[in-house]
Amino acid sequence: MRYWRRYPWDLYWQDQFKIKDNVTLNYGLRYEYPSAIYQTRTLATNVIGGVGPVLLGTNQLLQVDPTKSGIASLVLTQAPFTLSNSGVTSDKNNFAPVLGMAYTPRFAPSLFGHDDTVIRLGFRVGYDEIFNNIPANMGLNAPYTLTTTQTANVTQPGKFPWAIGYDQTVPLVSNFGRQGPGTPTSGLLTFNAEDPNLRSSYIYQYSFGVQRRVRGDLSIELDYQGSTGHKLGTFIDLNQPRVIVRDPSFRGSQSPNEQIFPYPFIGTASSGVNNGNSNYNAMVFTTRYQGRKGIFVQGSYTLGKSIDDASAFFGSTGERTGVADANNIKSERGPSSFDLRHRAVVSYVIELPVGPGRRLFGWSNAVSKQAFGGWQISGATTFQSGSPFTVFNNSQDFSGFNQFNDRPDVIGTGRIQQDNRNVDAAFDTTYFSRTPPTGRVGTSGRNQYYGPGLQNYNFAAAKNFKFGEQIGLQFRAEFFNLFNHTNFANPQNNQSSGNFGKITATVGTATATAVGTNAGLVGGGPRVIQGALRLQF
């Protein structure tokens, strides 16, 4: 049993100041102390770069005696320092200012009108907290947890009984004393780690926009929106082997090539680090109509581009967890997994002109009021370009980096030929080398190719009933993907799949509102119809 605890706290101050009646300034400052999560019983181990596994709250270094088996091979020696009970140093400098201004120009009325234009600008700093699973997973490490595997025809000559399966008296180091081409000395114990100097991820957000009222019920707006993210999280393997390439026609894990692990007596050491950065720039055009007769329509178009080194700690849609080469983070720079270059959305709410006092069935009686009055329709229509994906091959350790995140080389010329309307050949698979290269990352970049776009039509019809002045009843019928338009998911991007280059799936759900549907930020799956009854009082 593991017990983790943290004490985060925040302070903020915010104010508004009217310089003039047409100039408003908003400003503030926030301080955030995220607090490192710590082990109350110090039953966890962190892997420190250049040192190895160190037990939290102690100066004990965990080592493995390769001449012994099972738990008897775990040996504690003195580390060159004492590790805190959190395994990391708390981040204490998270100051986040915010500044915003709204200005209504009162000159050049032919251009700006009479109090019809607003110019806005803003800047803020925001921080993100570490995902608690990352430090908490240190509680799964040896010596407090020992995981071993028995495999028929690998660790055992054939089938074996349960007693042998549960027997952990097995060697924890393979190929001890036989380091060489194709036979590296490596440990079997895997570790979860966290950079002891991990800092909070933070973002600079900035915007500038102009909104102009064209007439009383119609306005247009043009905005620039941008952001830069820093210290974004990802995983790297602290025990990624160095590969000596003697023959590039063989995999990095095959002889005559040779892998040399920096910590040969342990296995993978997946460490959460924050060495990623991001950049986002977009122009947004919005037009809005607010009519006097219960009609609201808004349309927006966004042209944007998002670039980063990693979009999420645990991977995203169409993207692997971790990096291809921990020693070459620059090779991960590419479009974000949520990068949507073009997106247009039209939303509307319309009160139908029927019932008492309206054009149709306008009789003022109880029957007309309950049958024809109070009808409303609404909806949102979305068109967006496709989301990116990465071509990779995880069938073997081609590079020798032991990550199984290898990407192939580009051997074609020019841009890749894509036709996302052809589900049997969405892109030219001969554009890539048959397998990834040895001892390096392939030239095919991360998230360089885009899948099908999306069309989605959501619609709702509602009827409002009034019973006196205090009680109301609303019935709604909602249609997600009204026309049941087929939105295809991204093509198969794993070279080891027999369906490589083919589209074998559609977007999974019509109601999703988050990344994870292979289509971006909205739904678009098969049509869903639902009804709702709401009592208001």
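Asparagine 484 sits in the loop between strand 26 (471-480) and strand 27 (528-536) of this predicted model. What stands out here is the backbone: phi of asparagine 484 is near 55°, a positive value in a residue that isn't a glycine. With a relative accessible area of 37%, asparagine 484 counts as partly exposed, because that value falls between the 20% and 50% cut-offs. Alanine 108 belongs to the loop between strand 9 and helix 1 (109-112), and it is partly exposed at 32% relative accessibility.

Two prolines deserve a look as well. The peptide bond running from alanine 142 to proline 143 is cis, with omega near 5°. Proline 143 is part of the loop between helix 2 (133-136) and helix 3 (162-165). Another cis peptide bond links serine 255 to proline 256, and there omega is about 10°. This time the loop is the one between strand 16 (242-244) and strand 17 (258-260), which is where proline 256 is found.

Leaving aside residues up to four places away in sequence, alanine 142 touches Thr45, Leu62, Leu74, Leu189 and Phe191.

Now for some strand pairing. Strand 3 (residues 23-33) and strand 9 (residues 94-103) run antiparallel and are joined by 10 bridges. Within this pair, tyrosine 31 stands opposite phenylalanine 95 of strand 9. Strand 9 also pairs with strand 10 (residues 117-128), again antiparallel, through 6 bridges. Here valine 98 faces arginine 124, which belongs to strand 10.

Nonpolar residues show up on the outside too. Val214, Ile220, Leu222, Met283, Phe285, Tyr301 and Leu303 form a surface patch, with about 590 Å² of accessible area together. Strand 15 (218-237), strand 18 (269-290) and strand 19 (295-308) each contribute at least two residues to the nonpolar patch. Take isoleucine 220, which is found in strand 15. Its relative accessible area is 34%, so it is partly exposed.

Finally, the whole chain. There are 4 helices and 27 strands. Along the principal axes, the C-alpha atoms fill a box of roughly 95 × 55 × 50 Å. Of the 537 residues in the chain, 42% are buried. Among contacts with a separation of 6 or more, 70% are between residues 24 or more positions apart. The chain exposes about 28,000 Å², and carbon and sulfur atoms supply 56% of that area.

Note on methods
Residues numbered from 1 in each chain as written. Predicted model: local features only at pLDDT ≥ 70, side-chain atom pairs only at ≥ 80, totals over all residues. Heavy atoms only, no water. Pairing = 2+ DSSP bridges. Buried < 20%, exposed > 50% of the residue type's maximum accessible area, 1.4 Å probe, protein only. Contact = heavy atoms within 4.5 Å. Patch = residues over 30% accessible without salt bridge, like charges linked within 9 Å, V, L, I, M, F, W, Y side chains within 5 Å. Areas by Shrake-Rupley, 256 points an atom, 1.4 Å probe, with all protein chains shown as cover. Salt bridge = Lys/Arg side-chain N within 4 Å of Asp/Glu carboxyl O.
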